[in-house]
Amino acid sequence: MVTVRAPATSANLGSGFDVFGAALGRPADVVRVEKADRTTIDVTGYGSEFIPEDPDANTVGAVAEALDAPAHIRIDKGIRPSSGLGSSGASAAAAALALNELYDRGLSRRDLVPIAGKGEATVSGEVHLDNVAPALLGGFTVATGRDVTVVDADIPLVACLPEIAISTRDARDVVPAGATMDQLVYTVGRAATLTTGMCRDDPRLVGKGMHDRLVTPARADLISGYNEVREAALAAGATGVTVSGAGPGVLAACYPDDRHDIASAMVGAFSEAGVDARAYQTKIGRGATLYPDD
Ligand SMILES: Nc1ncnc2c1ncn2[C@@H]1O[C@H](COP(=O)(O)OP(=O)(O)OP(=O)(O)O)[C@@H](O)[C@H]1O
Ligand SMILES: N[C@@H](CCO)C(=O)O
């Protein structure tokens with residue numbers, strides 16, 4: 001048996017739609033695989049009642065097929081599905097690393113990124129690597145086509161998860177079809193600022209670079225209380241706030257000592273909007289961890 005822990009991730013980071021991603025220190029999914037004649041899946045843990053065990057519908061099924069690696073796959077969900085914290089991508093990334101080890105396929109983590117991406121595509125309808133790349137490689141990732149650049153950044157974060165479910169498919173439907181030249185210039189400036197901040201481990205620049213006028217405002221409308229939560233986090237010291245992935249999770253960048261106050265402020269603001277929420281005080285973390293021959 002091979003076991004892999006794959007972390008939650010936050011895609012987009014505001015200005016990097018479908019390109020930027022970051023691995024979070026926590027929460028995480030744990031996936032265990034054993035060889036079998038055909039692929040079967042068991043799911044337990046957070047939100048497991050909403051996750052299909054049919055290999056054609058679960059992200060790990062497409063990964064097993066792509067690697068020609070049938071297995072009994074047990075998924076223990078630490079990351080709630082439809083969260084914006086890369087729940088479906090974490091399982092796919094974990095399965096890719098675990099099955100590669102179980103069947104001795106000899107692929108590198110980078111080789112496994114597009115394979116895990118096939119799993120993601122089964123639920124979101126399109127291949128985008130901004131969750132599976134950081135889940136496998138860790139750090140802050142820039143995914144352009146099949147190329148992935150990794151920055152081993154050290155940035156404190158708070159990820160706040162409201163009890164609202166938004167599927168990536170639905171959240172992609174509200175993305176504007178086009179952009180003005182002003183919006184493009186603004187986005188390039190913010191994305192460059194964020195990337196510089198990641199390279200310098202500078203939470204101020206990262207937070208500034210998260211600001212986005214294009215995709216985030218449309219998605220924020222799907223999240224009850226988003227504007228109030230954003231204001232509360234900024235007042236508590238966050239350097240920047242944005243929608244995490246396709247939402248409803250909300251991500252704040254900050255300095256380390258401010259995490260506790262920001263987490264309380266975000267949960268409190270959601271509560272005032274009538275929405276239960278939990279917050280993870282975390283930071284950019286490492287990629288999936290392999291525990292062979294468990
Ligand atoms: N192994 C899995 N883990 C989680 N969700 C899965 C899995 N396999 C299939 N799904 C389905 O995928 C959907 C959740 O994926 P979705 O991409 O919408 O959310 P997410 O991964 O939490 O968010 P994001 O990609 O925005 O960070 C749910 O419908 C869920 O049933
Ligand atoms: N970049 C994707 C991430 C969600 O899986 C989106 O925002 O739709």
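Guide: A term comes first: a residue is buried if 20 or more other C-beta atoms lie within 10 Å of its own. Ser-88 has 25 C-beta neighbours inside 10 Å, so Ser-88 counts as buried. Keep in mind that this is a predicted model.

Now the site itself. An unreviewed UniProt entry places a "binding site" at Arg-80, Pro-81, Ser-82, Ser-83, Gly-84, Leu-85, Gly-86, Ser-87, Ser-88, Gly-89 and Ala-90.

Ser-82 sits in the loop between β4 (71-77) and α2. Ser-82 is buried, because 24 other C-beta atoms lie within 10 Å. Setting aside residues up to four places away in sequence, Ser-82 touches Ala-165, Ile-166 and Ser-167. Ser-82 and Pro-292 are 210 residues apart in sequence, and their C-alpha atoms are 29 Å apart in space.

Ser-87 belongs to helix α2. Ser-87 is buried, since 29 other C-beta atoms lie within 10 Å. Leaving out neighbours within four places in sequence, Ser-87 contacts Ile-79, Arg-80 and Pro-81. Arg-80 and Pro-81 are also listed in the recorded site.

Ser-88 is in helix α2 as well. Residues up to four places away in sequence aside, Ser-88 touches Thr-59, Pro-81, Glu-120 and Val-123. Those contacts lead on to the helices around the site.

Start with α2 and α3. Helix α2 covers residues 87-102 and helix α3 covers residues 109-124. The two pack at an angle of about 140°, and their axes are 8 Å apart. That angle makes α2 oblique to α3. The crossing of α2 and α3 is right-handed. On the α2 side, the contact is made by Ser-88, Gly-89, Ala-92, Ala-93, Ala-95, Ala-96, Leu-97 and Asn-100. On the α3 side, it is made by Leu-112, Ile-115, Ala-116, Gly-119, Glu-120 and Val-123. An α-helix has 3.6 residues a turn, so residues three or four places apart point the same way.

Next, α1. Helix α1 spans residues 59-66 and packs against α3 at an angle of about 140°, with the axes 7 Å apart. That makes α1 oblique to α3. The crossing of α1 and α3 is right-handed. From α1 come Thr-59, Val-60, Ala-62, Val-63 and Ala-66. They meet Ile-115, Ala-116, Lys-118, Gly-119, Glu-120, Thr-122 and Val-123 in α3.

What about the backbone elsewhere? Two peptide bonds are worth checking. The bond from Arg-26 to Pro-27 is cis, with omega near 0°. Pro-27 is in strand β2 (residues 20-35). Gly-247 and Pro-248 are also joined by a cis peptide bond, with omega about 10°. Pro-248 lies in the loop between β8 (240-243) and β9.

Two aspartates need a look too. Asp-18 is not a glycine, yet its phi is positive, about 65°. Asp-18 is in the loop between β1 (2-11) and β2. Asp-18 is partly exposed, with 17 other C-beta atoms within 10 Å. Asp-201 is not a glycine either, and its phi is positive, about 50°. Asp-201 is in the loop between α6 (181-200) and α7 (203-209). With 14 C-beta neighbours inside 10 Å, Asp-201 counts as partly exposed.

The unreviewed UniProt entry places "domain: GHMP kinase C-terminal" at residues 198-266. Over those residues the chain is 48% helix and 12% strand. The end C-alpha atoms of that stretch are 24 Å apart. Helix α10 covers residues 259-272, 14 residues in total. From first C-alpha to last, α10 reaches 20 Å, close to the 20 Å expected at 1.5 Å a residue. Its buried residues are Arg-259, Ile-262, Ala-263, Ala-265, Met-266, Val-267, Ala-269 and Phe-270. The buried residues of α10 pack against β7 (156-162), α9 (226-235), β9 (250-253) and β10 (277-283). After α10 comes Gly-274, with a positive phi near 85°.

Methods. Residues are numbered from 1 along each chain as its sequence is written. Chains are lettered from A and ligands numbered from 1 in the order in which they are written. This is a predicted model: local features need pLDDT of at least 70, side-chain atom pairs count only at pLDDT 80 or more; totals for chains, interfaces and linings use all residues. Helices (H or I, at least four residues) and strands (E, at least two) are DSSP runs, numbered from the N terminus. The expected span of a helix is 1.5 Å times one less than its number of residues. A residue is buried if 20 or more other C-beta atoms lie within 10 Å of its own, exposed if 12 or fewer, and partly exposed in between; C-beta atoms are placed from the backbone. Two residues are in contact if their C-beta atoms, placed from the backbone, lie within 7 Å. UniProt positions are given in the numbering used here, feature names are shortened, and annotations may be inferred rather than shown by experiment. Axes are lines fitted to C-alpha atoms, for helices over the stretch in contact, and angles run from 0 to 180 degrees between N-to-C directions. Angles under 35 degrees count as roughly parallel, over 145 as roughly antiparallel, 65 to 115 as roughly perpendicular and the rest as oblique. A crossing is left-handed if the near helix is turned anticlockwise from the far one by less than a right angle, and right-handed if clockwise.
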